[in-house]
Amino acid sequence: MKNSFLEISGLNKSFDGVKALADFSCSLEQGKIIGLIGPNGAGKTTLFNVITGFIPAESGRISFQGIELHKKPAYKIANLGIARTFQDLRLIYQISVLENVLLSFRNQPGEKLSNIFFKPKVSSKHETNNKKSAVSMLEEAGLGDKLNDSASELSYGQQKLLSIVCCLASGADLLLLDEPVAGIAPAMIEKILSIISDLPKQGKTVIIIEHNMDAVTQVCNRVIFMDAGAKISEGTPDEVRKDPKVIEAYLD
Amino acid sequence: MEYLLHVLIMICIYAILAQSLNLVIGYTGLLSIAHAAFYGIGAYSAAIMSLKLETPFLLNLVCAGGISSLAGALIGFPSLRVKGDYFVIVTFGFQVIVFGILNNWFFFTGGPMGLPGIPQPVIFGWHISSHIEFLTLAGVLASVVFLISHRIIKSPFGRILQAIREDEVFALAAGKNIAAYKVSVFMVSSAMAAIAGVIYAHYISFVDPTSFTVMESIFIISIVIIGGAGSLWGPVIGAIVLVTLPELLRFIGLPSSIAANIRQILYGGLLVAFMMWRPQGLVGKFRFRLENAKK
């Protein structure tokens with residue numbers, strides 16, 4: 001059942017009469033990197049918000065690994081194995097880099113009050129293990145010397161990198177990355193793209209929203225072009241780039 | 001000597017109140033002005049139980065904590081629906097309701113006259129009567145509250161509270177059921193405030209509604225903010241400073257009628273000054289409300 005990894009059909013959502021999603025459908029295979037491109041206001045971020053349960057769709061259905069996501073609260077959807085980053089880059093800035101990653105692990109025993117007091121050993125053992133894997137993830141990402149800095153002390157590029165490390169720590173199978181390389185230095189772009197392109201090897205599926213077409217061409221297996229809330233074109237990066245409907249939409 | 005011990009006992013009581021409120025305000029970022037209500041629920045539960053049912057101190061302590069945490073859950077739920085300033089108004093409403101009940105339900109609370117003659121506690125045969133014994137009791141309970149807060153804050157649970165304080169959207173996207181966390185932290189905090197109330201009731205041996213007004217809530221908030229919201233030692237330092245300060249005024253030789261007014265002005269002035277120039281308080285790191293937005 002490879003095709004049923006993520007099935008989206010007939011999504012509709014409008015804000016004050018403006019269509020953000022117009023009968024949007026698509027189907028994703030596991031282990032692929034999909035680029036979601038399109039002009040500003042095409043509904044790309046809205047699609048992310050609907051998938052992750054932050055905004056309810058007016059109609060349509062989404063199923064993730066065979067589970068219907070409709071009307072599920074955002075935190076439950078996250079716990080099913082969907083992680084995301086935000087266009088306006090969200091992190092917890094007043095706690096350390098390491099703590100941001102620790103926060104992102106799912107289902108920790110120490111997150112329950114009763115466990116802290118009645119099963120302290122289980123909680124602290126779990127925490128120690130999480131700490132080890134968090135440190136190694138951060139070292140691998142090149143943030144090993146920033147562990148105890150507060151997240152606000154990182155550069156913008158490092159913060160974007162950290163937000164991706166947080167998604168990895170969640171153990172999610174589907175990662176939704178909203179503009180992961182926008183506005184950062186070329187060296188950091190390379191770093192982040194190499195991390196992203198390694199993800200399918202770990203069985204992870206990625207959707208990235210990105211305006212940087214070079215980056216999209218470099219890492220994406222498939223590209224979906226959106227305009228006015230609808231899917232205009234889908235295919236390999238080259239196919240989409242040459243699609244006359246896409247060229248027309250960009251010229252408009 | 002007894003006077004000094006009395007001040008120390010009051011410091012312990014306020015340290016418990018501030019420590020528990022700090023979990024809600026300092027760590028979770030929910031500004032509640034209903035803390036005196038939970039303090040009052042604890043004190044009245046202990047008073048009513050020991051006067052009408054003649055229950056022992058430890059049972060009063062457990063029951064008062066339980067009753068108060070249920071009341072805390074009641075106010076935790078609206079916190080899921082309303083945010084920021086509106087939540088403050090909800091807590092204010094709760095505070096007013098509790099005061100109204102204490103002041104008017106004569107059969108249970110004695111109304112404005114309060115409940116006198118609350119017996120001194122006996123714990124496993126240890127009769128607590130002198131100031132030094134009360135200080136030991138209050139000190140032990142304050143330490144327990146401190147240690148519980150410490151463990152909560154240093155745990156993954158505490159980390160989630162801090163995430164909620166700064167960015168609920170991030171916490172949701174990380175799979176945290178923030179509604180459950182808010183309600184639980186309110187329940188724990190309210191139970192702790194009740195502990196302070198129980199000590200107070202048995203120590204003073206008299207409760208009346210004027211001890212649990214909104215002014216009292218604001219006093220507890222001042223302790224948290226001036227000590228340092230979002231730090232473990234902040235509420236302790238704050239309680240020491242704010243309980244001792246007005247006592248020092250006595251030694252300047254002001255007549256007591258003026259001293260009482262000066263006290264209120266002093267608290268108000270300090271609160272404004274700290275909010276403007278040192279929002280993180282004496283020992284805190286977290287700048288209360290000021291920098292909740294991105295850096």
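Predicted model: local features only at pLDDT ≥ 70, side-chain atom pairs only at ≥ 80, totals over all residues.
Leaving aside its neighbours within four places in sequence, which residues is Ile199(B) in contact with? Contact here is a matter of C-beta atoms, placed from the backbone, lying within 7 Å of each other, and on that basis Ile199(B) has Ile13(B), Leu137(B), Ala138(B) and Leu141(B) as its partners.

Residues are numbered from 1 along each chain as its sequence is written, and chains are lettered from A and ligands numbered from 1 in the order in which they are written.

Let me turn to one residue, Ile164(B), which sits in helix α8 (residues 156-166) of chain B, where a helix is a DSSP run of H or I with at least four residues, numbered from the N terminus. Ile164(B) counts as buried because it has 22 C-beta neighbours inside 10 Å, and the cut-offs are 20 or more other C-beta atoms within 10 Å for buried, 12 or fewer for exposed, and partly exposed in between. Not counting residues up to four places away in sequence, Ile164(B) touches Thr28(B), Gly29(B), Ala171(B), Ile178(B), Tyr181(B) and Lys182(B). Gly269(B), by comparison, is 105 residues from Ile164(B) in sequence, and their C-alpha atoms are 30 Å apart in space.

Notes:
Contact = placed C-beta atoms within 7 Å. Helix = DSSP H or I, 4+ residues; strand = E, 2+ residues; numbered from the N terminus.
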